[in-house]
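This report describes a predicted model. It covers the nonpolar packing and then a sheet.

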Amino acid sequence: MAWGLPKLPGLTFSDPTKTQHHIRSSLRYYQGHRFPDTRLRAPGGTATDVDSNAFALPEDSVIYDPSLTYGRVKQPALPAVIPHWVHYDKRCLNFTAFFKQPVYENPDETYRVRVVNIVYFLEDDSLTVMEPRVKNSGLWQGRLVKRGKIPKNDFGDYWHWKDLDIGKDICIYGKVFHTVSCDLFTKEWLESQGVELSKEEDLPVDSYTQKEHWKATQPPKRVKSHADPLRRFLEYDGKVLTFNVVWDNRDAEFGELTEYKMFYFLQDDTIAIKELHDGKGGKDPFPLLLKKRKLPKKWEERPVTFPSIALETTEEEITEYYAPRDLIVGQTVFLLGRRFLLFDCDSFTRKYYRAMLNIEQPPRIEVRHETKREFPKSLPPHIGIGAPEDTLGSCFGLIPKPPHKDIIKYNLNANKYLRYLCELDWIHPEDKGRQFVLAYSLADGTIKIGEIPRRNSGIREGKFLKSMRLQTPESDPNFPTYYTPDRFYIGGIVPVFKHRFKIVGCDLFVYRYMTANPDKFPQEVIDNVRNYHMREGNLKDELQEEFREEQAAETRAQLAKIGQAAVAEPNAMERCLAALDVVEGSAAPPRPSSPPATTDRISYDESLRIARLSNPTCDNVVPLKGILKSSTAQDDHQKVVCFSGPKVEERRETSMPASYPPGHQPHYVEDDDFCQRYKDAGAEERAGRRARDECAYEIVPGKQLQNVTEDELQEKPNLPGYLGTYGADCKKVPDYMRLSPDAYEKVKKLRREVQEISPAATRIADYTREPAPPVDVCVHPPAEATGPCARKTEDVSFSCPHLEPKPPCCVPKDAI
């Protein structure tokens, strides 16, 4: 071997035993995987200089140290130089990019996005473009650009790794590739070289790829609702949420800002939109813009495989519909592609959101409409053919319509004319004395004039003016005003086609029509016509009828005075009660069943007689109080009014206790014999029966019932256990109907709590009173201005004195 010879010129020669001169790979395969080979070999697989003893480390005691034999060298050998094509072998920069390939004659797509990998080899600065293969893509994929140095421009420059970046367009042989990202090694290596990469981008998606994606994606299944439709109908029928919406369509040609009403029916979650017509015209009078239906949030949402050409979408294809929580004032909703702004809602809608959803609707939003300047419409002048109304009608339509006629006025006033006598305001002597009749039609407002014939006048009489509406002198010829009856009066001048007619008279129907319709005529015109007929003597019948009505009124007034005088004069007591303003039924005694025929008042003696016959008790009589006419009486303004009368007979002593109907017993007083006085005859007997636990009810009729005749006896229903019926069994009487032992004590306690007199009456009783006047003052009252029954300024009634302190009605039954 020639390894030991020095490497000098002339001493080197090739090894004839060396047959392999290739460079060995830096990778080795182990179990099918590549691994870096840490053991370096020279060309042909021979050992390198590094493996010699000259490069042995001093710590390695196993390897022979040649310095021990040959001596230490002056400096160690330099390490082996690794070229860049060895150092960067199999090291590449990988960028992900795309380019758009146009697609022609295809309605579904116009371009297709193709993703590629741009690989830059650091070993020799070459570049290649690879497209990953996609199964069943139908495209020729793989290597798009061969590996090599790619020219950058026409000046001979090539693409270098310094020119690569994310988000940059790289033109390779006329095709532009846009980079969007890179791998981790590329990012770290470029940053180590001082190159800062841009932010990564997303790959665009073409329509074909998106369509294929949705084909492979299973559409979400809509959860079926388990709500009861019948119950919802019964709860929400007639409950509708109302919103004011506006559609801004000004972006389109001839678009405008239009307001609508949107109704949300809570019954079935449907929506309807109603059009609001302003009456200006220009639009078809459709009642609804959208009929009642459910509205999806995404109206174009449907599966890709759905045959939309043949079928319409149903609830199975729609995932979500509009709900009340999506309708808030101030938000914009899209209804079938139209943009609606909700700017207000009604009070029911606000209450529903507040109570049911706990949402407070925002206040109303003011929507500003563009106010367009309106120019005045100029109407053309009258063309001279027909009436001016005919010319005006041709301006409002292509086919002119006849002027409107008041049919109701025509039917009510048919054949009714106001006739006036006129004279011609003559200039020529032959026109003197010519008289005309001007007839105004109340049906259509036309005027016709006819001349009254005269003998030997030399003028042809008859029709002077046919029936037509007559224009006033000051009216505009294009927009005329016509004569009305309020312009016709005696002495008035009516110009008719350059002829002047002076009104000198009228018939009686004109005056009667004016008096029946005074709102249509000025008062001066009515007075003018009335004065004319008064001078002519045409109002004699009206004057006689008015005179007869006045006489009849005077006669009725005299008869009324005679009838009032025929009524019986009131006595002193009645005058006193009338002066006290006592209203009938409040202070007066009860009226008899048949009142007197001559007067509505009842005398005092008659009231006593009726009271005794009716035999009332003291508890039945309401305290007599004066009622004021000026206002409703109050407790503080009332005093007991008593009457003066004959002395009541002395009461006869009787052993029979007084009986009172239920609810009318006198007030309880603290007397020992109070209950004994008002107990009936059988009370002690029934008490004994209760003590012996016997039937406490009457089994045998009492003496009082036995003495009753058959006519007076009233049959009672014979019900088992009914209290008070004959033959009642005490065992059938329920316990709740039996009297408790302490029943009388409870009643006694309750009656103690009842106030015998009101606190207001007690306060009034404490007032100091004036001494009562003598009785003769009420029997023979003085003048009303100074008498005791005179009206006083204070609003309080006063009482007249009486002889006996008790009312005359407190008479027991046996005292009559």
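## Nonpolar cores

In this predicted model, the largest nonpolar core has 30 residues. Those with the most contacts inside this core are Tyr420, Leu438, Ile447, Ile449, Phe488, Val494 and Met514. At least two residues of the core come from each of the following elements: strands E15 (417-424), E16 (435-441), E17 (447-451), E19 (493-496) and E20 (499-506), and helices H9 (508-516) and H10 (523-536).

## Contacts of Ile449

Leaving aside residues up to four places away in sequence, Ile449 touches Phe436, Val437, Leu438, Gly462, Lys463, Phe464, Leu465, Val496 and Phe501. Leu438 stands opposite Ile449, a residue of E17. Both Leu438 and Ile449 are listed among the residues with the most contacts inside the largest core.

## The sheet

Six strands form an open sheet in the order E18-E17-E16-E15-E20-E19, and their pairing is antiparallel. Strand E18 (462-468) and strand E19 stand at the edges with a single partner strand each, so one side of each has no neighbour in the sheet. From one strand to the next, the twist averages 30°.

E16 and E17 run antiparallel and are joined by 5 bridges. Helix H9 packs on the sheet, where H9 touches E15 and E20. The direction of H9 makes about 125° with that of E15.

Note on methods
Residues numbered from 1 in each chain as written. Predicted model: local features only at pLDDT ≥ 70, side-chain atom pairs only at ≥ 80, totals over all residues. Heavy atoms only, no water. Core = buried A, V, L, I, M, F, W, Y, C linked by side-chain atoms within 4.5 Å. Buried < 20%, exposed > 50% of the residue type's maximum accessible area, 1.4 Å probe, protein only. Helix = DSSP H or I, 4+ residues; strand = E, 2+ residues; numbered from the N terminus. Contact = heavy atoms within 4.5 Å. Pairing = 2+ DSSP bridges. Axes fitted to C-alpha atoms, helices over the stretch in contact; angles between N-to-C directions.
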